[in-house]
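Please walk me through this structure.

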Amino acid sequence: MSTYFSVSNSSQGHVLQFLLMGFPGIHRWQYWLSLPLAMFYFLALGANLFILFTIYQMTALQPMYHFLGILAVTDMGLATTIMPKILSIFWFDDKSISLPECFLQIYAIHCFVGMESGIFLCMAVDRYVAICHPLRYPSVITEAFIIKATMFMVLRNGLLVIPVPVLASQRNYCSKNEIEHCLCSNQGVTRLACDDTSLNRACQLVLAWVGLGGDLGMILLSYSLILRSVLKLNSRDASSKALSTCSSHLILICFFYTAIVVVSVTHLAETRVPLIPVLLNVLHNIIPPALNPMVYALRTQELRVGFLKLLRCTGKRK
């Protein structure tokens, strides 16, 4: 009996473990790709921890920075969900992953991606109230609002994505167990199923439209209202200042949702080069966590000042 299969009375194999084969087509030298991926991972952890420490050191916190701190935690969670296993595959040839661990990884990835989208929506609402209703901002965007919004996003994403791994676990995996991927993606896993996966594909599509699509629609609505309000301002300086407060947020939103669309299209297109969708999928889960804190640090004056204060304090302790 194989380590990865059990055999029933009907002589049909049943998968006990999956094998994550890594990047398709480049198995012999994919080890070298682990170096930049590891760099992105440790950069994501270091930069986001630095963001959290800087925010903690700041005395007068605007609500936006609370959301930025939550985004930093989410980014670290998303990167840590996939990168330790990927590095383990490349460095120690640890390809096997149990079915429960694989389905748990599917759940965690969907949950963290949905959480990141939800935090972007909260930030868009924050900017809408700050620019379109500045006098009401202190009474609307309160600490209680931040806690409620965060808890709602945690519950929404935690519950909404449950059907994805549950449906994947209900499939019958009876023959192949080699996943041509570095992580347990829902599509990569369910392709190995011996029975019909139409319900899995439909569920993923519906959740993408309801969750990510709904968030994106609300974000676009918020920024269209912001743009309309800014265009009504008589002062050019006031208009540019109002838009500059949104620039970091807009850069990250564009990158996040554009990457999701590109990854989805490449998977659906079933390109002749299977490496492309796999590589894009991995990069989408590791580059934003490394990029987000750097964009905010470079474009937000308060964070730059906070960074300098933190570095001075660290230097004095030494």
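How are α3 and α10 oriented to each other? They are roughly parallel (angles under 35 degrees count as such). This is a predicted model, where local features need pLDDT of at least 70, side-chain atom pairs count only at pLDDT 80 or more, and totals for chains, interfaces and linings use all residues. Residues are numbered from 1 along each chain as its sequence is written, and side-chain values use heavy atoms, without hydrogens and water.

Helix α3 spans residues 99-132 and helix α10 residues 275-299. Helices here are DSSP runs of H or I with at least four residues, strands runs of E with at least two, numbered from the N terminus. The α3 and α10 axes lie 12 Å apart, at an angle of about 25°. Axes are lines fitted to C-alpha atoms, for helices over the stretch in contact, and angles run from 0 to 180 degrees between N-to-C directions.

From α3, Ile109, Val113, Glu116, Phe120 and Met123 meet Asn285, Pro288, Asn292 and Tyr296 of α10. Contact means heavy atoms within 4.5 Å. Six of these contact residues are nonpolar, two polar and one charged.

Helix α10 also holds asparagine 281. Its relative accessibility is 11%, so asparagine 281 counts as buried (under 20%). Asparagine 281 touches His181, Leu183, Ser185, Val263 and His267, leaving aside residues up to four places away in sequence.

Now the sheet. It is open and mixed, with three strands in the order β4-β3-β5. Strands pair if DSSP finds at least two bridges between them. β3 (residues 17-20) runs antiparallel to β4, joined by three bridges. Leucine 19 has serine 96 in β4 as its bridge partner. Helix α3 packs on this sheet and touches β3, β4 and β5. The direction of α3 makes about 85° with that of β4.

Terms used
Parallel < 35°, antiparallel > 145°, perpendicular 65-115°, else oblique. Nonpolar A, V, L, I, M, F, W, Y, C, P; charged D, E, K, R; others polar. Buried < 20%, exposed > 50% of the residue type's maximum accessible area, 1.4 Å probe, protein only.
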